[in-house]
Amino acid sequence: MEVYKNSMKLNFILPFFAPMPGGGVKIMYEYANRMSLMGHDVVVYHNQSTPHFYYPKLRPLWLRKVISFIKYNNHPKPNWFTFDDKVKFKFIDTISNNSIRDADATITTWWSLVEPLKNLTVSKGKKVNLIQGYEIWDGNEDLVHKSYNYENVTNVVISDFLYNKVKEYNFISEPILTTLAIDTNVFNVTNNIENRNPLSICMLYGENDNVKGTIYGLKAFEKLKTAFPELEVELFGVEKRPDRIPSWIKYNYNSKKLNSIYNRNAIFLAPSITEGWALPPTEAMACGCVVVSTNIPGHRHVNNYMDAITIIPEDVDDIVEKITVLLNDNNLRIKLAKKSKEFVAQYCWESVLDKFINVVTS
């Protein structure tokens, strides 16, 4: 990776510490790590008292601080992500001028961190709000829209869908549109597309059906298993195996080998109801899976190639119908898998980082 000539001090602030993988957190880690590899001075902060964030009553801030000291020795470096040795990590109680160092830029993600971000002094550098989703799930719609409207904060969005949403509710300036990327050194084909079991499907498991649409995938799998008794389904997620997953479905808890899961399977199902810019289907395409995904704006980057297979959100029968076509036509499956792999190669980190550097230096 090219080293940037003029080193910058960059602060990345996350709304919580993530001991297990998560898409939005992973992207912040990717940015932080790759900027460090380019020669920048990077500190990653994990906030322990995020406004409007649900904390169990039996786990107040003082107890969370004790846990962070005993369990993590106040060093919030997750073991599921490989960091450059120069990246520094800190727990903080809240975002303030005392807790955040002076820098050239301070970047947050999550809507409720934007107000404390905008209150920081100019010595903390350019203030950037990386918007990775339309975060209205907890009923704070007006507050989310307000977070788009601070004059001293630059909004960066990761998809056309989010660009249009932020622009609709932002009355000060247009957001900056970028995209996300995947690490093609990690996510690539290691098992020939032609050699895979054509009756194999994988899917990300998520508890929130209103976001990830998991229940519709599970119902579709049951119907498909009846029609194709030899069907094999493999799920992965950060929850321990939920009871609602049928016993015949394989489940990977908190797996660090997603590349292997994708490469073991022929099809990836993405039944989400809403997304900002979905990582798993993008990774699956790079690994040679045919992706069957809902026709939502957050999936546009995986559906935007000729012959892409899309499904109607929350429609089990449509899922069954579209996957059945692939299960019955292995040549079609191979053709689309190769085509989608070529298409997704455009999402490389080099171009994303170039745009990010322009954002923080302009």
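The dialogue below moves from the whole protein to single residues.

Q: What kind of model is this, and how are its residues numbered?
A: This is a predicted model, in which local features need pLDDT of at least 70 and side-chain atom pairs count only at pLDDT 80 or more, while totals for chains, interfaces and linings use all residues. Residues are numbered from 1 along each chain as its sequence is written, and side-chain values use heavy atoms, with hydrogens and water left out.

Q: How many helices and strands does the protein have?
A: Helices (H or I, at least four residues) and strands (E, at least two) are DSSP runs, numbered from the N terminus. The protein has 13 helices and 13 strands. Its radius of gyration is 21 Å, close to the 21 Å that the globule rule gives for 362 residues, so the protein is as compact as a globular protein of that length. That radius is taken over C-alpha atoms, and the rule is 2.2 Å times the number of residues to the power 0.38. Along the principal axes, the C-alpha trace spans about 60 × 45 × 40 Å.

Q: What percentage of the residues count as buried?
A: A residue is buried under 20% relative accessible area, exposed over 50%, and partly exposed in between (1.4 Å probe, protein chains only). Of the 362 residues, 54% count as buried. The protein exposes about 16500 Å², of which carbon and sulfur atoms supply 51%; such areas come from the Shrake-Rupley method with a 1.4 Å probe, and for residues only the protein chains shown count as cover.

Q: What share of the contacts comes from residues 24 or more positions apart?
A: A contact means heavy atoms within 4.5 Å. Among contacts with a separation of 6 or more, residues 24 or more positions apart account for 65%.

Q: How is a pair of aromatic rings described?
A: Rings of Phe, Tyr and Trp (its six-membered ring) pair if their centres lie within 6.5 Å; planes under 30 degrees apart count as stacked, over 60 as edge-to-face and the rest as tilted. The structure holds 18 aromatic pairs. In one of them, the ring centres of Tyr31 and Trp349 are 5.3 Å apart and the planes are at 85°, so the pair is edge-to-face. This pair links distant parts of the chain, since Tyr31 is in helix α1 (residues 23–37) and Trp349 is in helix α13 (residues 349–361), 318 residues apart. Tyr31 is buried, with a relative accessible area of 1%, and Trp349 is buried at 2% relative accessibility.

Q: Which residues do ring pairs link into a cluster?
A: The cluster consists of Tyr29, Trp80, Phe81, Phe83 and Phe89. Within this group, Phe81 and Phe83 form a tilted pair, 4.7 Å centre to centre with 50° between the planes. Phe81 is buried at 9% relative accessibility, and Phe83 is buried at 7%.

Q: Is Thr106 buried or exposed?
A: Thr106, in strand β4 (residues 105–109), is buried at 0% relative accessibility. Leaving aside neighbours within four places in sequence, Thr106 is in contact with several residues, among them Asn11, Ile13, Leu117 and Val128.

Q: Where is Asp104 found, and what does it touch?
A: Asp104 is found in the loop between β3 (88–92) and β4, and counts as partly exposed at 40% relative accessibility. Not counting residues up to four places away in sequence, Asp104 touches Met8, Lys9, Lys124, Gly125 and Lys126.

Q: What phi values do Trp110 and Asn254 have?
A: Trp110 has a positive phi of about 100° although it is not a glycine. Trp110 lies in the loop between β4 and α3 (114–118) and is buried at 14% relative accessibility. Asn254, also not a glycine, has a positive phi of about 50°. Asn254 is in the loop between β10 (250–253) and α8 (258–264), and is partly exposed at 23% relative accessibility.
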